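Dear colleague,

I am handing over the structure below, followed by notes on what was found in it. Please read the notes with the coordinates open beside them.

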Amino acid sequence: MQLQPTNSPFTQQQVEWLNQLLPTLTPEQKVWLSGFMAASGSTVSLEVAASTEVKSEPTKEEAIAAKREVTILYGSQTGNSQQLAELAATQLKEQGVDVILSSMHTYKPKQLKDVKHLLIVVSTHGEGDPPDHAITFHEFLYSRKAPNVEGLAYSVLALGDSSYEFFCQTGKDFDERLAALGGTRLYPRVDCDLDFDEEANEWLTGVVKSLAEQSGEPQAQTETKGPATTSTTYSRSNPFQAEVLTNLNLNGRGSAKETRHLELSLEGSGLSYAPGDSVGIFPENDQALVEALLEKTGWDEEEAVTINKKGDVVPLKNALCCHFEITVLTKPLLEKASLLTDHQGLKTLLHPDHAEELKAYLEGRDLLDLYEDFGPWNAGAAEFAGILRKIPPRLYSIASSYEAEPEEVHLTIGAVRYDANGRSRSGVCSVECAERKEPGDTVSIFIQKNESFRLPSEEAPIIMIGPGTGVAPFRAFLEERDERGIESPAWLFFGDQHFTTDFLYQTDFQRWLKDGVLSKMDVAFSRDTAEKVYVQHRMKEHGAELFTWLEDGAYVYVCGDEKRMAKDVQDTLIAIIQDEGQKTEEEAVAYLTAMQQQNRYLRDVY
């Protein structure tokens, strides 16, 4: 039985060294080393370790213990997978299970061949991609280096968003690949949508039960529980009603944008946060859209409808305003709706031959469009409400430091408005905050921890790249550095449309430049010049200096749009490393990958 941090007083690194060393020692070497340690005043003996090496057969107790050892690996982009993995670890330990918990990017994949029980908790990012910290492990499993894992019992909890085409794809990848490598499912994979609490608890209950059955022990109590939700503990499942203290527009007159700066009170909540964390807001749908939907369907707004698996009932109008998502269409929703209508057009749209047509239809349409195009339904309001998913919370990067503002949290929210399919549309949460939340009103919030986007633990240089609202966490970073007196170099790249109307937090950044909290700032305002200039162009202009910072151990942070900005920034970083470091493209990619594994290249992208 190998040493582990959970069954020994050693650190993870020490355990790895000892597990490599002990099997190579002869009995004579072990006796000598034990005597040497005793002579040097150490009370530690290697007799136990030596005895485990020479046993030919494990005892019954050891066999049971081996069946109760579980490795939990998580791949998280926003923190949900990590929090669920930590919850699973806590509850398994309470069941007497020895647990090794690790992020995928710090786990040494060669250890996988020795694991007997593996739990994977992983989200899917973008269009079916692994989150940043799961990329290397994902690539390893699909490489020729992947080991045969016959004898491995595993289970996967997959997180995703059913409005995306490749729903929970990363979890599906891991599940299928581990099976192909010889693993056996301890418990079937569970795919979770944005509202994941109930499904995650059911998965963990099933895993605990399966482990108890495998161990041959009398089954322990396998009921699992979510995070504590007492009256004084606020969380995703028990949000805090935060008062709006300030709500102002950061953009100047004439701007094409509206970016709101919100200051929310945390007084009496007991909530705290760190730079890099986010606030989750549970929004409410626009009353005008709800009323239009009720008028079109003819449903009675007072009809009682069930809003959750617990059986809670509220009037239909309240359910459509506060509980159900009505502004986004997904393929699973249309599939369920097709069973409630005789309209052949919807069934045709869902046929595999019309995949591209379906994708185009889902873009920018809502529940009112669905009714107008394919209604009426062969179902009443209560039955139709049963196919709707809950309104998911919207996450916004925190733009303040708890050290500087212990009773407040600041957010930077860009109001989303656009026209599509003959109607004006708006972002559910962003426009609610922009138009319908005044000082004195409240919003339902929770703190979303994100350990994958943190300031360095040591005083190292940092490079921050955040155009538009992506600058929010870097305002928090700099406020924290100012409060704590951190003096290491800091460089900010910021971009937006116009200097005069869109320079968000300009006075803050200028003050920090003057005070030395911020060492260097480069800006790009794309609409102020004939040729559009973005942050990646400014990075390229300063490529030599930027590479020097990287060589000096700088941490690089990127926040903002994933599809365009983050990809362009990453391509630019690779090009700079290649050019200034005299490397091939493959070597430059490896350089950036190594930075990512060292937690020196961190992204908060959406």
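Glutamate 165 forms a salt bridge with lysine 359, with the closest N and O atoms 3.6 Å apart, where a salt bridge is a side-chain nitrogen of Lys or Arg within 4 Å of a carboxyl oxygen of Asp or Glu. This pair links distant parts of the chain, since glutamate 165 lies in the loop between E4 and H7 while lysine 359 belongs to helix H13 (residues 355-362), 194 residues apart. Helices (H or I, at least four residues) and strands (E, at least two) are DSSP runs, numbered from the N terminus.

Please keep in mind that this is a predicted model, in which local features need pLDDT of at least 70 and side-chain atom pairs count only at pLDDT 80 or more, whereas totals for chains, interfaces and linings use all residues. Residues are numbered from 1 along each chain as its sequence is written, and side-chain values use heavy atoms, with hydrogens and water left out.

Glutamate 165 is partly exposed, at a relative accessible area of 49%, and lysine 359 also counts as partly exposed, at 45%; here buried means under 20% relative accessible area, exposed over 50%, and partly exposed in between, with a 1.4 Å probe and protein chains only.

Glutamate 198 forms a salt bridge with lysine 309, the closest N and O atoms being 3.8 Å apart. This pair also links distant parts of the chain, with glutamate 198 in helix H8 (residues 197-215) and lysine 309 in the loop between strand E10 (304-306) and strand E11 (313-315), 111 residues apart. Glutamate 198 is partly exposed, with a relative accessible area of 27%, whereas lysine 309 is exposed, with a value of 58%.

In a further pair, arginine 423 forms a salt bridge with aspartate 369, and the closest N and O atoms are 3.1 Å apart. Arginine 423 is in strand E15 (residues 423-426) and aspartate 369 in helix H14 (residues 367-374), 54 residues apart, which again links distant parts of the chain. Arginine 423 counts as partly exposed at 24% relative accessibility, while aspartate 369 is buried, with a relative accessible area of 5%. Salt bridges that share partners also join Asp161, Asp193, Glu325 and Arg389 into one network, and by the rule given above the count comes to 37 salt bridges.

**A buried glutamate without a salt bridge**

Glutamate 479, found in helix H17 (residues 472-484), is buried yet has no salt bridge, and the nearest side chain of opposite charge, arginine 475, is 4.7 Å away. For charge, Lys and Arg count as positive and Asp and Glu as negative, while His and the chain ends are not counted. Not counting residues up to four places away in sequence, glutamate 479 touches Ser400, Ser401, Ala404, Glu405 and Trp512, where contact means heavy atoms within 4.5 Å.

**Nonpolar cores**

Of the 37 residues in the largest nonpolar core, Leu320, Leu334, Leu367, Leu370, Trp377, Phe384 and Leu388 touch the most other members; such a core is a set of buried Ala, Val, Leu, Ile, Met, Phe, Trp, Tyr and Cys residues joined through side-chain atoms within 4.5 Å. The largest share of this core, 5 residues, comes from H14. Leaving aside its neighbours within four places in sequence, leucine 320 is in contact with Asn285, Val290, Leu293, Leu294, Ile326 and Leu388. A second, separate core of 27 residues includes Ile462, Ala472, Tyr505 and Cys559.

**Positions annotated in UniProt**

For "binding site", the unreviewed UniProt entry lists Ser526, Arg527, Lys532, Val533, Tyr534, Val535, Gln536 and Asp568; these positions are given in the numbering used here, feature names are shortened, and annotations may be inferred rather than shown by experiment. Tyrosine 534 is placed in the loop between strand E19 (520-525) and helix H20 (535-541), and is partly exposed, with a relative accessible area of 33%. Tyrosine 534 touches Ala524, Ser526 and Arg527, not counting residues up to four places away in sequence. Aspartate 568 is found in helix H22 (residues 562-580) and counts as partly exposed at 31% relative accessibility.

With best regards
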